[in-house]
Amino acid sequence: MPRGLPRLRLYWDRSTVPRMSMPGLAIDCYMNNKSWFHAAKSCEQIILLAKETDTLSEIEEYANRACNLYQQHGSQEAAAAALDKAAKMTESKHPELALEFYKRALAVVLIGDSTHQASEFASKVSRILVKLKKFEEASKALKKEISLNLQTKSYGQVGRLVVALVLVQLALEDFVDAKKSFKKWGNRCDPQEVKTLQTLLQALDDEDAELAAKMLAAPFIRHMDVEYALLSKNIPLPSGIKLEKEGEDNTGSIK
């Protein structure tokens with residue numbers, strides 16, 4: 001090259017390229033070369049950038065694209081993990097979107113016959129449904145979660161799930177289904193759970209609001225996942241008496 005002529009710049013000047021377009025260009029290059037795994041990784045980079053600007057449409061689009069590309073590569077585990085990451089990013093501010101990610105992740109791992117991992121995603125689906133007060137869907141999701149835990153012989157976990165299911169069905173004011181669920185799976189509960197549920201259901205049957213409230217305030221219920229602990233404080237009681245609000249005791253004083 002003759003002296004005095006400027007050298008050609010053979011690299012991207014990042015300052016002149018929009019932030020989202022750099023990984024987007026990489027995705028196109030990788031897909032042209034059928035490098036599905038690396039294309040999926042680039043999609044995940046866009047998700048991270050979209051999180052900073054809270055661009056939900058970008059997060060949703062590229063999380064699903066990453067999942068599809070990982071599946072095309074033959075990696076079901078990575079596909080589910082990408083959805084899991086996107087769900088965790090959005091769960092606190094946008095639980096509805098996180099719910100859809102968890103539902104799809106559950107479907108993905110079930111394709112791969114990973115029952116243990118499926119039970120973890122099923123748990124996340126159930127909890128968000130309760131948080132969103134979609135109790136009918138939550139009831140179905142908890143039954144699915146119980147089934148998955150029975151398949152993996154995680155019997156200790158099943159007991160608490162039965163308690164959660166009964167609480168959800170009582171929130172729906174479906175006393176008959178709550179009794180059926182306890183009768184069907186109650187043998188998987190530990191003695192404390194059995195005694196509490198038996199007494200609770202009997203108290204509701206007898207329209208004994210005071211005793212029902214006492215059972216719903218049982219320490220192990222209040223120490224369940226936060227969604228179920230909060231739900232226990234909003235179960236309709238026969239006489240219409242409300243349980244004490246969070247942070248207050250029975251006298252109304254702040255704890």
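Colleague: Where do Glu-100 and Lys-103 lie, and how many residues apart are they?

Modeller: Both residues belong to helix H5, three residues apart, about one turn of the helix. Helices (H or I, at least four residues) and strands (E, at least two) are DSSP runs, numbered from the N terminus. This is a predicted model, in which local features need pLDDT of at least 70 and side-chain atom pairs count only at pLDDT 80 or more, while totals for chains, interfaces and linings use all residues. Residues are numbered from 1 along each chain as its sequence is written, and side-chain values use heavy atoms, with hydrogens and water left out.

Colleague: What do Glu-100 and Lys-103 form?

Modeller: They form a salt bridge, with the closest N and O atoms 4.0 Å apart. The term covers a side-chain nitrogen of Lys or Arg within 4 Å of a carboxyl oxygen of Asp or Glu. Glu-100 is partly exposed because its relative accessible area is 44%, and Lys-103 is partly exposed at 30%. The classes are buried (under 20% relative accessible area), exposed (over 50%) and partly exposed in between, using a 1.4 Å probe and protein chains only.

Colleague: How many salt bridges does the structure hold?

Modeller: There are eight salt bridges in the structure. One of them joins the side chains of Lys-85 and Glu-44, at 3.3 Å from N to O. That pair links distant parts of the chain, with Lys-85 in helix H4 and Glu-44 in helix H2, 41 residues apart.

Colleague: Why does Glu-44 count as buried?

Modeller: Its relative accessible area is 10%, so Glu-44 is buried, whereas Lys-85 is partly exposed at 43%.

Colleague: And which residue meets Asp-84 in a salt bridge?

Modeller: Lys-88 does, with an N to O distance of 3.3 Å. Asp-84 and Lys-88 are both in helix H4, four residues apart, about one turn of the helix. Asp-84 is buried at 13%, while Lys-88 is exposed at 53%.

Colleague: Changing topic, where is Glu-91 placed?

Modeller: Glu-91 sits in the loop between helix H4 (76–90) and helix H5 (95–111). Glu-91 is buried yet has no salt bridge; Arg-127, the nearest side chain of opposite charge, is 4.0 Å away.

Colleague: What joins the side chains of Glu-91 and Tyr-102?

Modeller: A polar contact of 3.0 Å joins them. Such a contact is a pair of N or O atoms within 3.5 Å; within protein, one must be able to donate a hydrogen and the other to accept it, and residues adjacent in sequence count only if both atoms are side-chain atoms. Leaving aside residues up to four places away in sequence, Glu-91 touches Ala-98, Tyr-102, Arg-127, Ile-128 and Lys-131, where contact means heavy atoms within 4.5 Å.

Colleague: How many disulfides are there?

Modeller: A search of the whole structure finds zero, a disulfide being a pair of cysteine sulfur atoms within 2.5 Å. Cys-43 is buried at 0% relative accessibility, and Cys-67 is likewise buried at 0%.

Colleague: How many helices and strands are in the chain?

Modeller: The chain has 13 helices and zero strands. Of its 255 residues, 44% are buried. Among contacts with a separation of 6 or more, 54% are between residues 24 or more positions apart.

Colleague: Where does Ser-42 lie?

Modeller: Ser-42 is in helix H2 (residues 36–53), and at 8% relative accessibility it counts as buried. Ser-42 and Ile-27 are 15 residues apart in sequence and 5.8 Å apart in space, C-alpha to C-alpha.

How values were computed. Lys, Arg positive; Asp, Glu negative; His and termini not counted.
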